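Let's take a friendly walk through this model together. Keep the sequence and the 3D view side by side as you read.

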Amino acid sequence: MNQMEIDVNQGRGAGLYVRDSGRGLIERCQIFGNALLAVQIEEHAAPRIRKCQIYDGHSGGVYIANAAHCGLEEGEIYGNPLFSITAAGGRNSTVSHWRVR
């Protein structure tokens, strides 16, 4: 995915959900206004999220769990009230050059 705005379900659901060994590059996206998690990565998934903005959700930002891992590169995250980035059972995730506010 490249240069997209993800405002799924008019804010009633999650933004981006990667699971079941899912891979890929999510680049230059805006993920915002979601009622549930902005980004949820689970079950051995391993995406790269690069140069994205994740903001103004009503829940949490990036959630990594269940043996998943993620590369977060050169992005910005803000305005998600529960948490910005959290890993609960995820493995070897990296965060580089992200602005968290």
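G75 is found in the loop between β9 (71–73) and β10, where strands are DSSP runs of E with at least two residues, numbered from the N terminus. With a relative accessible area of 10%, G75 counts as buried; buried means under 20% relative accessible area, exposed over 50%, and partly exposed in between, using a 1.4 Å probe and protein chains only. What does G75 touch, leaving out residues up to four places away in sequence? The list is K51, C52, H97, W98 and R99, with contact meaning heavy atoms within 4.5 Å. The C-alpha atoms of G75 and R50 are separated by 6.2 Å, although the two residues are 25 apart along the chain.

Before going further, a word on the source: this is a predicted model, in which local features need pLDDT of at least 70 and side-chain atom pairs count only at pLDDT 80 or more, while totals for chains, interfaces and linings use all residues. Residues are numbered from 1 along each chain as its sequence is written, and side-chain values use heavy atoms, with hydrogens and water left out.

**The chain as a whole**

The protein chain has zero helices and 13 strands; for the helix count, a run of H or I needs at least four residues. Read along the sequence, the pattern is therefore β-β-β-β-β-β-β-β-β-β-β-β-β. Of the 101 residues, 45% count as buried. Among contacts between residues at least 6 apart in sequence, 39% join residues at least 24 apart. The chain exposes about 5200 Å², and carbon and sulfur atoms supply 45% of that area, as computed by the Shrake-Rupley method with a 1.4 Å probe.

**The nonpolar core**

In soluble globular proteins, nonpolar side chains tend to be buried together. Here the largest nonpolar core holds 19 residues, and V39, I41, I49, I54 and V62 touch the most other members. A nonpolar core is a set of buried Ala, Val, Leu, Ile, Met, Phe, Trp, Tyr and Cys residues joined through side-chain atoms within 4.5 Å. At least two residues of this core come from each of β2 (16–18), β5 (39–41) and β8 (62–65). Take V62 and look around: not counting residues up to four places away in sequence, V62 touches V39, I41, I54, L72, I77, F83, S84, I85 and T86.

**Aromatic rings**

A pair of aromatic rings is described by the distance of the centres and the angle of the planes. Rings of Phe, Tyr and Trp (its six-membered ring) pair if their centres lie within 6.5 Å; planes under 30 degrees apart count as stacked, over 60 as edge-to-face and the rest as tilted.

| Pair | Centre to centre | Angle between planes | Arrangement |
|---|---|---|---|
| F32 and Y55 | 5.3 Å | 10° | stacked |
| Y55 and Y78 | 5.3 Å | 10° | stacked |

The F32 and Y55 pair joins strand β4 (residues 30–32) to strand β7 (residues 53–55), across 23 residues. Y55 in strand β7 and Y78 in strand β10 (residues 76–78) are likewise 23 residues apart. Ring pairs link F32, Y55 and Y78 into a cluster. F32 is buried at 18% relative accessible area, Y55 is buried at 14%, and Y78 is buried at 18%. R101 lies over the face of Y78, at 3.8 Å from the ring centre; a charge sits over a ring if NZ of Lys or CZ of Arg is within 6 Å of the ring centre and within 35 degrees of the ring normal.

**Cysteines**

C29 is buried, with a relative accessible area of 2%, and C52 is buried at 1%.

**Positive phi in loops**

E43 has a positive phi of about 50°, lies in the loop between β5 and β6 (46–50), and is partly exposed at 26% relative accessible area. D56 has a positive phi near 50°, sits in the loop between β7 and β8, and is partly exposed at 43%.
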